[in-house]
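Please open the model in your viewer and keep the sequence at hand.

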Amino acid sequence: MPDAIGAASSQAIAIRPIGRADAAAWRRLFRAHADDAGEPVTDEGTDTVWNWLQDPAAPITGFLAWPAPDVAAGLVHVQAIYRTRPGKPMGYMSDLYVRPEWRGRGIAHALVSAVRTLAGTRDWD
């Protein structure tokens, strides 16, 4: 999907699972997040994470935020980890990122809400 800048902030934010068609948009967001965190990633590392996200058997998944059909403004990755004392899995957000020009518009909240919904469907703490 193309990744342009400039949708109106009053539009609804679509939150969708990361899919194969989202490769270019996801890569831009993932690299921007790594750069902003001061932890640049290699092409090999980026490819590895992408392959995990496309593997239904992998314990990691994620969502992209689309405030307009051609604008990917944020991402979140979540994975199952196991809590030993309650003997129950929980969701762990390993990444949450919103492009600077889209911050303050509810995108992070919408991404976290998607993770909470997923946690409920998987019975995670």
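Select the buried residues of helix H3 in this predicted model: they pack against strands S1 (14–17), S2 (60–66), S3 (74–83) and S4 (88–98). The residues concerned are Ile107, Ala110, Leu111, Val112, Ala114, Val115, Leu118 and Ala119. The whole helix, residues 107–121, extends 21 Å between its first and last C-alpha, close to the expected 21 Å.

Proceed next to Asp123, which follows H3 and has a positive phi, near 55°. Display its side chain together with Lys88, for the two form a salt bridge with their closest N and O atoms 3.5 Å apart. Asp123 belongs to the segment after H3 and Lys88 to strand S4, so this pair ties together parts 35 residues apart in sequence. Lys88 is partly exposed, at 24% relative accessibility.

Now select helix H2, residues 43–54. Which of the residues of H2 are buried? They are Thr46, Val49, Trp50, Leu53 and Gln54. These cover an arc of only 140° around the axis and therefore lie on the same side of H2. Their packing partners are helix H1 (23–36), S2 and S3.

Because Asp47 lies in H2 and Arg27 in H1, the pair ties together parts that are 20 residues apart in sequence.

Finally, select Arg16 and Asp22, another salt bridge, at 3.5 Å between the closest N and O atoms. Arg16 is partly exposed at 28% relative accessibility, whereas Asp22 is buried at 4%. The whole structure contains six salt bridges.

Methods: Residues numbered from 1 in each chain as written. Predicted model: local features only at pLDDT ≥ 70, side-chain atom pairs only at ≥ 80, totals over all residues. Heavy atoms only, no water. Helix = DSSP H or I, 4+ residues; strand = E, 2+ residues; numbered from the N terminus. Expected span 1.5 Å × (residues − 1). Buried < 20%, exposed > 50% of the residue type's maximum accessible area, 1.4 Å probe, protein only. Contact = heavy atoms within 4.5 Å. Arc of directions from axis to C-beta. Salt bridge = Lys/Arg side-chain N within 4 Å of Asp/Glu carboxyl O.
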